[in-house]
Amino acid sequence: MTKAQDELLLSRLRDGEESAFAQLIDALHSKLVRFARGFVHDEAAAEDVVQEAWIGVLDGLHAFEGRSSLSSWIFGITANKAKTRAARDARTAPFSALADREASEVECAVSPNRFLDSSSEWPGHWAQPPASWGARPEEHLLQTETMNELLRITEGLPAAQRAVLFLRDVEGYEPSAVCNILDLSETNVRVLLHRARSKVRGALEVYLTR
Amino acid sequence: MMDCNELVELITDYLEGSLAASDRTRFDEHLRICDGCTSYLDQMRATLKALGNIPAGSVGQTARERLLNAFRDWKKTQ
């Protein structure tokens with residue numbers, strides 16, 4: 001949505017126009033639940049979190065200053081509710097700690113085994129280059145079955161990587177908006193995005209060449 | 001000269017447009033002579049395109065009703 005569309009929708013909401021709220025729910029609710037699901041242990045908890053977030057949105061409508069887009073503000077509220085819920089359920093470390101840990105572990109985009117070692121003539125070059133994804137990889141990737149697999153792959157990512165990839169690559173938010181929504185540093189977002197993308201490509205390679 | 005195992009670590013910065021100009025030149029030069037890394041970049045681009053096309057679900061009827069009720073309650077307090 002453009003800034004002008006945001007402002008129009010916001011003023012309709014503030015005027016209490018139910019159809020404006022319905023429009024917002026229809027556009028965002030299922031995405032928010034998918035997003036929240038990455039923080040909490042089951043679907044029901046994710047639904048609860050998002051329900052709570054919507055109440056937070058209503059309570060904050062008049063104070064919202066429009067420094068971010070309406071939808072990224074709503075994602076940010078959802079992230080905060082989801083973090084609180086995850087901490088309360090005490091199943092995981094705080095999100096910021098998870099993010100730090102995921103970003104600081106030593107990890108390669110591609111297994112080192114797939115590159116030639118220092119005893120070869122071309123150390124660091126492909127020993128086992130990426131396997132072909134077939135003649136029309138883009139068509140293949142957009143098939144429902146592959147899409148379902150892709151979704152499953154993203155759901156298997158570590159929590160912070162999953163959240164960053166979802167916001168940046170599935171929802172298309174700019175890196176600066178991703179930092180704001182998740183309250184993470186630019187560096188962490190960059191590293192987490194890289195790790196997530198590398199894993200997803202690697203998992204797709206396995207799936208598409210099995 | 002850039003090695004393949006370095007390129008795969010710089011690919012996100014390359015695609016995000018945040019790679020330093022000198023690294024970008026080395027990256028492009030490497031691509032010109034390396035089929036493996038060209039495939040890798042193509043696959044990463046295809047992956048990103050597919051991620052951007054994951055279909056959104058839809059809101060369940062019960063949740064939708066509950067939220068619209070919450071909106072009506074909120075409106076009364078305004």
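Predicted model: local features only at pLDDT ≥ 70, side-chain atom pairs only at ≥ 80, totals over all residues.
Now step back into the helix itself. Helix α9 covers residues 175-182 of chain A, and its buried residues are A177(A), V178(A), I181(A) and L182(A). Looking down the axis of α9(A), you find these buried residues within an arc of 120°, so they line one face of the helix. And what do the buried residues of α9(A) pack against? The partners are α4 (70-89), α8 (159-170) and α10 of chain A.

Let's zoom out to the whole chain for a moment. Chain A has 10 helices and 0 strands. If you read the elements from the N terminus, you simply say "alpha" each time: α-α-α-α-α-α-α-α-α-α. The C-alpha trace of chain A spans about 70 × 40 × 30 Å along its principal axes. There are 210 residues in chain A, and 40% of them count as buried. Among the contacts in chain A with a separation of 6 or more, 63% are between residues 24 or more positions apart.

The largest nonpolar core holds 56 residues, and the members that touch the most others are A36(A), V164(A) and L192(A). Helix α4(A) provides the largest share of this core, with 8 residues. Where does this core lie relative to domain 1 and domain 2 of chain A? Domain 1 (3-89) and domain 2 (95-208) both give residues to the core, so it lies between them.

Leaving aside residues up to four places away in sequence, L192(A) touches A99(A), E102(A), A103(A), A160(A), Q161(A) and V164(A). There is also a second, separate core of 12 residues, and its members include A109(A) and F115(A) along with L7(B) and M44(B).

Those last two names bring us to the other chain. How many residues of chain A are in contact with chain B? On the chain A side there are 41, and they meet 37 residues of chain B. The elements of chain A that each give two or more residues to this side are α2 (18-37), α3 (43-60), α6, α7 (144-155), α8 and α10. Helix α2(A) gives the most, with 8 residues. Sorted by class, the side of chain A that touches chain B has 24 nonpolar, 8 polar and 9 charged residues.

Is V206(A) buried or exposed? It counts as exposed, because it has 10 C-beta neighbours inside 10 Å, and the cut-off for exposed is 12 or fewer. Along the chain, V206(A) and W133(A) are 73 residues apart, yet their C-alpha atoms are separated by 9.8 Å.

The second stop is E121(A), in the loop between α5 (95-104) and α6 (137-141) of chain A. E121(A) also counts as exposed, because it has 6 C-beta neighbours inside 10 Å.

How values were computed:
Residues numbered from 1 in each chain as written. Chains lettered and ligands numbered in written order. Helix = DSSP H or I, 4+ residues; strand = E, 2+ residues; numbered from the N terminus. Buried ≥ 20, exposed ≤ 12 C-beta atoms within 10 Å, placed from the backbone. Contact = placed C-beta atoms within 7 Å. Arc of directions from axis to C-beta. Nonpolar A, V, L, I, M, F, W, Y, C, P; charged D, E, K, R; others polar. Core = buried A, V, L, I, M, F, W, Y, C linked by C-beta atoms within 7 Å. Domains from an automatic or database assignment.
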